[in-house]
Amino acid sequence: MSSPDTARGTGQETWYQRLLDAGVEENGIRPVPVEQRTKTRYSNLFTVFFTGLLCLLPIPTGMLATLSFGMSLRDSSLVILFFSMLTSIPPAFMGIGGLETGMRQLVQARYSFGRYLVTVPLILNAATVTGFSLLSSVVGGQTIAALNSDHVSVKVGIIITCLVSFAVSLLGFNAVHFWERWTWIPNLIALVVAVGIGGSSFHLQSDVRPSTVPQILSYGGLIAGYFITFGGIASDYSVYYRPQGVSKLKVFLYIYLGFLLPSVPLLILGAAIGGAVNNVPSWSAAYAVTGIGGVMCEMLAPAGGFGKFVLVLLALSVIGNIALSMYSVALNLQMLLPAFTKIPRFVFILLTICIMIPVGIKVAESWEASLGNFLAIIGYWAGCFDAVLIEELVVFRKMDYSSYDHAIWNVGRKLPPGIAALGASLVSMALVVPGMAEPWYTGPIAKTTGDIGFEMAFLVTALAYLPFRWAEIKLKGHL
């Protein structure tokens with residue numbers, strides 16, 4: 001990382017130097033040497049994810065259980081709890097690697113997918129992370145618009161949300177951690193106040209039949225898509241932490257609980273709102289105009305002006321989530337081509353914002369369908385990716401993080417060719433496709449079981465990677 005002492009040139013300061021002096025992170029995708037991994041406030045590994053997820057985004061995801069899948073609140077809550085506890089394990093485990101290796105998550109992936117074939121998960125991860133940013137910007141935009149829907153549209157709300165988030169993610173690692181360390185406090189207060197004022201209507205749940213196995217597995221796969229994709233970014237936020245003097249279990253628990261503790265209550269809250277929204281006329285009308293932002297506005301309406309203030313806090317709660325996503329997607333874009341490593345990271349953040357605003361406005365036009373399709377589909381590729389990286393570390397590298405040699409991180413001929421990793425992922429598609437259940441396609445297996453695409457992606461990739469990687473090592477002669 002750059003320091004102000006070394007960031008000045010011999011003559012007049014340039015605009016870039018001024019940014020560095022202001023605290024913008026200069027290091028991008030290069031592995032961080034162990035002597036530069038000096039941070040010891042490991043609790044930040046909890047707050048960076050806890051705050052990022054303690055926002056409005058999980059609420060519409062939870063609403064899908066009762067509103068779209070037709071499950072009861074009780075069944076929805078049980079599915080949310082079980083699948084959240086299970087699918088938070090892989091990304092939390094993968095997050096240990098950033099601290100131990102000093103490498104960003106997709107740099108670690110080069111030691112499985114190779115220098116060049118890693119481009120495939122790189123593009124998919126960048127699209128996924130950008131997608132989460134889009135969803136957060138839409139939720140924030142809907143909430144801002146709900147403050148005065150006659151004069152502020154959802155489009156304007158999305159633009160405001162994106163621009164504020166840009167300022168936080170621009171400064172980099174330290175700014176993101178600082179923001180996430182403290183902003184959970186107003187986020188939590190605002191959410192508690194909203195539930196306290198508007199929760200009296202939660203008992204007005206729609207009558208539904210007991211949930212079927214296809215409903216449970218399909219919504220469980222959607223929850224898996226929500227959590228498992230953090231495997232593509234978890235290490236990005238631990239690369240500057242000192243590996244000595246802290247147990248891997250402690251790091252794992254910080255990250256795991258950072259995912260779990262904010263998400264489960266908010267997903268269940270969303271399920272409660274989704275089950276009641278059609279039975280509360282004011283909620284239903286507001287949801288049709290400004291989505292979850294409108295519902296939260298109606299819940300806070302009895303509080304008058306104070307309720308409007310709380311609604312502003314709720315709109316701002318998504319900034320931490322978007323800042324996390326934009327930080328990681330900028331790193332991903334730097335890895336696409338060798339020449340991109342020379343371009344400052346903030347340029348890619350600006351590019352991402354320019355893409356996000358118009359696409360977010362489009363997504364807002366078909367909100368429920370966009371959210372459900374996105375969360376389901378991203379779980380497929382993320383299941384393959386997580387399976388490969390975990391198996392590479394546990395089986396082939398025997399939990400030896402020192403085998404991720406910094407000297408070869410950018411040397412294609414010394415890294416694995418990546419055929420085993422990509423091949424195993426493609427083989428899994430033979431069962432993923434028949435196990436998919438989407439509005440536009442339902443596979444023959446999914447007609448009986450519901451959507452089990454994620455489960456097939458993870459399990460089949462793990463099974464196929466074993467023989468493929470052994471053969472690759474034998475041919476190459478080394479890892």
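At 3% relative accessibility, does Trp-283 count as buried or exposed? Trp-283 counts as buried, because its relative accessibility is 3% (buried means under 20% relative accessible area, exposed over 50%, partly exposed in between, with a 1.4 Å probe and protein chains only). This is a predicted model, where local features need pLDDT of at least 70, side-chain atom pairs count only at pLDDT 80 or more, and totals for chains, interfaces and linings use all residues. Residues are numbered from 1 along each chain as its sequence is written, and side-chain values use heavy atoms, leaving out hydrogens and water.

**Aromatic pairs**

- There are 21 aromatic pairs, counted when ring centres of Phe, Tyr and Trp (its six-membered ring) lie within 6.5 Å; planes under 30 degrees apart are stacked, over 60 edge-to-face and the rest tilted.
- Phe-113 and Phe-385 are stacked, at 6.0 Å centre to centre with 20° between the planes.
- Phe-113 and Phe-385 sit 272 residues apart, and both are buried.
- Phe-202 and Trp-283 pair edge-to-face, at 6.1 Å centre to centre with 70° between the planes.
- Phe-202 is buried too, at 15% relative accessibility.

**A ring cluster**

- Ring pairs join Phe-49, Phe-132, Tyr-226, Phe-227, Phe-230, Tyr-237 and Phe-259 into a cluster.

**Two helices meeting**

- Residues of H4 that meet H12 include Val-79, Ile-80 and Phe-83 (contact means heavy atoms within 4.5 Å; helices are DSSP runs of H or I, at least four residues, numbered from the N terminus).
- Among their partners in H12 are Ile-216, Leu-217 and Phe-227.
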